[in-house]
Amino acid sequence: MSMALVGLLAGMALAFAGYFGGFGAFLLVAALGAVGFVVGRYLDGDLEPGDLFRGRDRDDRRR
(Lines give C-alpha, C1' and ligand atoms only; values in the text may rest on other atoms or scores of the structure.)
Protein backbone atom coordinates (compact mmCIF):
# COMPACT_ATOMS: atom_id res chain seq x y z
CA MET A 1 0.00 0.00 0.00
CA SER A 2 1.48 3.33 -1.01
CA MET A 3 1.99 6.16 1.45
CA ALA A 4 -0.34 8.36 -0.61
CA LEU A 5 -3.16 5.87 -0.10
CA VAL A 6 -2.43 5.64 3.61
CA GLY A 7 -2.50 9.44 3.85
CA LEU A 8 -5.78 9.53 1.94
CA LEU A 9 -7.38 7.00 4.29
CA ALA A 10 -6.11 8.84 7.38
CA GLY A 11 -7.43 12.14 6.04
CA MET A 12 -10.83 10.61 5.31
CA ALA A 13 -11.01 9.11 8.81
CA LEU A 14 -10.21 12.50 10.34
CA ALA A 15 -12.77 14.21 8.12
CA PHE A 16 -15.52 11.76 9.11
CA ALA A 17 -14.62 12.11 12.79
CA GLY A 18 -14.67 15.89 12.57
CA TYR A 19 -17.93 16.01 10.64
CA PHE A 20 -19.92 13.48 12.65
CA GLY A 21 -18.28 13.75 16.07
CA GLY A 22 -17.13 17.33 16.29
CA PHE A 23 -13.76 18.77 17.13
CA GLY A 24 -13.23 16.52 20.18
CA ALA A 25 -13.63 13.40 18.07
CA PHE A 26 -11.27 14.88 15.48
CA LEU A 27 -8.59 15.38 18.14
CA LEU A 28 -9.13 11.90 19.57
CA VAL A 29 -8.77 10.25 16.16
CA ALA A 30 -5.67 12.34 15.38
CA ALA A 31 -4.03 11.47 18.74
CA LEU A 32 -4.79 7.76 18.44
CA GLY A 33 -3.52 7.82 14.86
CA ALA A 34 -0.24 9.33 16.04
CA VAL A 35 0.10 6.69 18.76
CA GLY A 36 -0.63 3.96 16.21
CA PHE A 37 1.99 5.41 13.88
CA VAL A 38 4.67 5.38 16.59
CA VAL A 39 3.78 1.82 17.66
CA GLY A 40 3.85 0.68 14.03
CA ARG A 41 7.28 2.22 13.47
CA TYR A 42 8.53 0.51 16.63
CA LEU A 43 7.16 -2.88 15.57
CA ASP A 44 8.72 -2.49 12.11
CA GLY A 45 12.08 -1.91 13.79
CA ASP A 46 12.46 1.65 12.47
CA LEU A 47 12.29 3.23 15.90
CA GLU A 48 14.00 2.48 19.19
CA PRO A 49 12.31 3.45 22.49
CA GLY A 50 15.32 5.54 23.49
CA ASP A 51 15.01 7.65 20.34
CA LEU A 52 11.91 9.32 21.77
CA PHE A 53 13.45 10.29 25.10
CA ARG A 54 17.13 10.86 24.38
CA GLY A 55 18.33 14.38 23.69
CA ARG A 56 20.58 15.21 20.78
CA ASP A 57 24.32 15.39 21.28
CA ARG A 58 26.13 18.63 20.61
CA ASP A 59 27.79 17.11 17.53
CA ASP A 60 24.41 16.34 15.94
CA ARG A 61 23.19 19.94 15.84
CA ARG A 62 22.90 21.61 12.49
CA ARG A 63 24.63 24.91 12.05
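Select Y19 and F20: both are exposed, a label for residues with over 50% relative accessible area, while buried means under 20% and partly exposed lies in between (1.4 Å probe, protein chains only). These two residues form an edge-to-face aromatic pair, with 4.9 Å centre to centre and 85° between the planes. Rings of Phe, Tyr and Trp (its six-membered ring) pair if their centres lie within 6.5 Å; planes under 30 degrees apart are stacked, those over 60 are edge-to-face and the rest are tilted.

A note on the model before the next stop. This is a predicted model, in which local features need pLDDT of at least 70 and side-chain atom pairs count only at pLDDT 80 or more, while totals for chains, interfaces and linings use all residues. Residues are numbered from 1 along each chain as its sequence is written, and side-chain values use heavy atoms, leaving out hydrogens and water.

Next, select F23 and F26. The structure holds three aromatic pairs, and F23 with F26 is one of them: a stacked pair, 6.0 Å centre to centre, with 20° between the planes. Both residues lie in helix α1, three residues apart, about one turn of the helix. F23 counts as exposed because its relative accessibility is 59%. F26 has 30%, so F26 counts as partly exposed.

Now colour by secondary structure. The protein chain has two helices and zero strands; helices (H or I, at least four residues) and strands (E, at least two) are DSSP runs, numbered from the N terminus. Helix α1 covers residues 3–44, and A17 is found in it.

Select A17. Its relative accessibility is 12%, so A17 counts as buried. Which residues does A17 touch, leaving aside its neighbours within four places in sequence? A17 is in contact with G22, A25, F26 and V29, where contact means heavy atoms within 4.5 Å. Draw a distance from A17 to A30: the C-alpha atoms are 9.3 Å apart, and the residues are 13 apart along the chain.

Two glycines come next. G11 is found in helix α1 and is partly exposed because its relative accessible area is 36%. From G11 to A30, 19 residues along the chain, the C-alpha atoms are separated by 9.5 Å. G33 also has its place in helix α1, and its relative accessible area of 42% is why G33 is partly exposed. G33 and L14 are 19 residues apart in sequence, and their C-alpha atoms are 9.3 Å apart in space.

Last, show the whole surface. The protein chain exposes about 5700 Å², with carbon and sulfur atoms supplying 64% of it; the area comes from the Shrake-Rupley method with a 1.4 Å probe. Buried residues make up 3% of the 63 residues in the chain.
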